[in-house]
Amino acid sequence: MPDTPPDPTAVMRQLTGKLRFKHLQLLVTLDRVGSLHAAADELHLTQPTLSKALHEVEAAFGQALFTRGARGMRPTPVGLLAVRGAQRLLRELSHLVDETTARPAGAVLHVGAPPFVALAYLPRTIQALAQRHPGMRVHVQEGLTPVLVHALLDKHLDALVTTFSRELNEADHPQLQYEKLFETESAVIAAPSHPLAGARHVQWAQLRDEAWVLPEQMSSTRRAVDEAFARAGCLTPTPFIESAHPSTNLRMVMQGLGVSAMPVDLLRLAEAAGEVVRLKLAPALGRGSVGLLYRAAQADDPKIQALRDALGLTSAEAPAACSSV
């Protein structure tokens, strides 16, 4: 194989001209089972047929995607990328099948939410949706708001139930509409055995040397912690543990592994059980807002209206332009 990198335009032309969904299925299956013989059995095809198909897909990419060894076939570094891409494309095909076979067609709502919103608020929203619109199915994608916004703009999602971030406001997406639902309050928590758990007042400077359990940097909670430390004239400590999911962070704090920050709606059960305590910080973490975000052109889409209905938004309420929030 040549040492010079392949020309992306030529590879794209090759892939669009020659790649088929059967090739994608072959890549995913071969990566999982590790041999053409096993893949042939699973796909109910002959081994020579699959060998020919693998040659076709490798020719389309312009390089080898699998190596043969004593332990079977394993993907090359490029092959791993190709397998992951094939998995994503097959998932998209599955979503397309879901939507086109639903009755009525298209009755699959693709909604995105950051983890804490998905955990604390989406279950009751989906319950209301199921009660009021029993024919609709829901696909939930969790992630950071900036990532979800790109998915919404690319039409991979129908709507977001998410925090409203400063970055989104500054980006000024006039094609999006935002409707505020409610405000959220966050708190810094620790295990009951923590030395500061019983303190009447805690300053942010006292937390500089603590082991922190924090979500990812682009999350609204992490941003609120960064801003609180900045107001106190401190840099945010490098977290001891970084985890995207609030339920994981809560368990870490309960085990005494550090302090964390999260919306209070996620704390109530653990707090009532005496498993965590809120630190009495001055000043407290700032409040945030959660709202519904969708493409303005889809405002009349029955799926958006169904979601608005489940969220308690009446049709008479005028949605706000994203840039004016």
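Me: What volume does the largest cavity have?
Reply: This is a predicted model, in which local features need pLDDT of at least 70, side-chain atom pairs count only at pLDDT 80 or more, and totals for chains, interfaces and linings use all residues. Residues are numbered from 1 along each chain as its sequence is written, and side-chain values use heavy atoms, with hydrogens and water left out. The largest cavity has a volume of about 220 Å³. A cavity is a set of points, on a 1 Å grid over the protein atoms alone, where a 1.4 Å probe fits but cannot get out; its volume is the space filled by probe spheres set on the points, which are joined across faces, edges and corners.

Me: How many residues line the largest cavity, and which lie nearest its centre?
Reply: The lining has 22 residues (those with an atom within 4 Å of a point). Phe116, Pro215, Ser219, Thr221 and Ala244 lie nearest the centre. Among the elements that give two or more residues to this lining are helix 6 (115-120) and strand 11 (259-263); helices (H or I, at least four residues) and strands (E, at least two) are DSSP runs, numbered from the N terminus.

Me: Which residue of strand 14 is the bridge partner of alanine 159?
Reply: The partner is tyrosine 294. Strand 5 (residues 159-163) runs antiparallel to strand 14, joined by 5 bridges; strands pair if DSSP finds at least two bridges between them.

Me: And how many bridges join strand 6 to strand 14?
Reply: Strand 6 (residues 176-184) is joined to strand 14 by 8 bridges, and the two run antiparallel. There, glutamate 183 has serine 289 as its bridge partner.

Note on methods: On a 1 Å grid over the protein atoms alone, a cavity is a set of points where a 1.4 Å probe fits but cannot get out, and a pocket is an open set with protein on both sides within 12 Å along at least five of seven lines; lining residues have an atom within 4 Å of a point.
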